[in-house]
Amino acid sequence: EVREAVAARYGPEVIRDGAVDRPAVAERAFATDEERAWLEGVLWPLVGARMASWREQLERRNPPPPAAIVEVPLLFEAGMEGLFDATIAVLADERLRAQRAGSRGHLALEQRAARQLTQAEKAHRATYVVLNDGTLEQMQARLSVILDMLQR
């Protein structure tokens, strides 16, 4: 559904080997506020519907799992935090965030960052905050502590 929508909007060149060429779409989507809003209008309802469907599946299990984790970029910006019993903001220094995003090939980093809430605002809105300034193992350990609390 998304592939067809972005191809119709941006042309067939944003599809490579049958998949969405994410950098090509990002270049177009972050060019203007209107294009970004269009892409968010396509993506966010689909994300919300997929999460709701998944949660319903989990709740039908016998017994249901003690917790379910969903990673949602732009959770607060999309206004979807109300769908969850608790939220965790995983924060890092701005330079480290930019470095990590750049290493994953993300383009338009300044435009992406400008669309996001500040780290302080995310921390304020979240139920829990985890600092991601070290190794993957350190972050996993910090998240495990929170997951243990949520399962009680």
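The model is a predicted one, and its chain contains seven helices and four strands. Read from the N terminus, these elements follow one another in the order α-β-β-α-α-β-α-α-α-β-α. Of the 152 residues in the chain, 24% are buried, and the accessible surface amounts to about 10300 Å², with 53% of that surface belonging to carbon and sulfur atoms. When contacts between residues at least 6 apart in sequence are considered, 58% of them join residues that are at least 24 apart.

Two of the helices, H2 (residues 22-29) and H3, have axes that come within 8 Å of each other and cross at roughly 130 degrees. The contact is made by Val25, Arg28 and Ala29 on the side of H2, which meet Glu35, Arg36 and Leu39 on the side of H3. Sorted by class, the residues of this contact comprise three nonpolar and three charged ones, with no polar residue among them.

Glutamate 35, one of the H3 residues that take part in this contact, belongs to the helix that spans residues 33-60. With a relative accessible area of 16%, glutamate 35 is under the limit of 20% and therefore counts as buried. Leaving aside residues up to four places away in sequence, glutamate 35 touches Arg9, Tyr10, Arg28 and Ala29. Of these neighbours, Arg28 and Ala29 are also listed among the H2 residues that meet H3, whereas Tyr10 lies in helix H1, which covers residues 2-10.

Tyrosine 10 is itself buried, because its relative accessible area of 10% is under the 20% limit. This residue also takes part in an aromatic pair, and the count of such pairs comes to one. The partner is tryptophan 38: the two ring centres are 5.6 Å apart and the ring planes stand at 80 degrees, so the pair is edge-to-face, given that planes over 60 degrees apart are placed in that class. Since tyrosine 10 lies in H1 and tryptophan 38 in H3, the pair ties together parts of the chain that are 28 residues apart in sequence. Helix H3 thus provides both tryptophan 38, which pairs with tyrosine 10 of H1, and glutamate 35, which touches that tyrosine as well as Arg28 and Ala29.

Terms used: Residues are numbered from 1 along each chain as its sequence is written. This is a predicted model: local features need pLDDT of at least 70, side-chain atom pairs count only at pLDDT 80 or more; totals for chains, interfaces and linings use all residues. Side-chain values use heavy atoms; hydrogens and water are left out. Buried means under 20% relative accessible area, exposed over 50%, partly exposed in between (1.4 Å probe, protein chains only). Contact means heavy atoms within 4.5 Å. Accessible areas come from the Shrake-Rupley method with a 1.4 Å probe; for residues, only the protein chains shown count as cover. Rings of Phe, Tyr and Trp (its six-membered ring) pair if their centres lie within 6.5 Å; planes under 30 degrees apart count as stacked, over 60 as edge-to-face and the rest as tilted. Axes are lines fitted to C-alpha atoms, for helices over the stretch in contact, and angles run from 0 to 180 degrees between N-to-C directions. Ala, Val, Leu, Ile, Met, Phe, Trp, Tyr, Cys and Pro count as nonpolar, Asp, Glu, Lys and Arg as charged, and the others, Gly among them, as polar.
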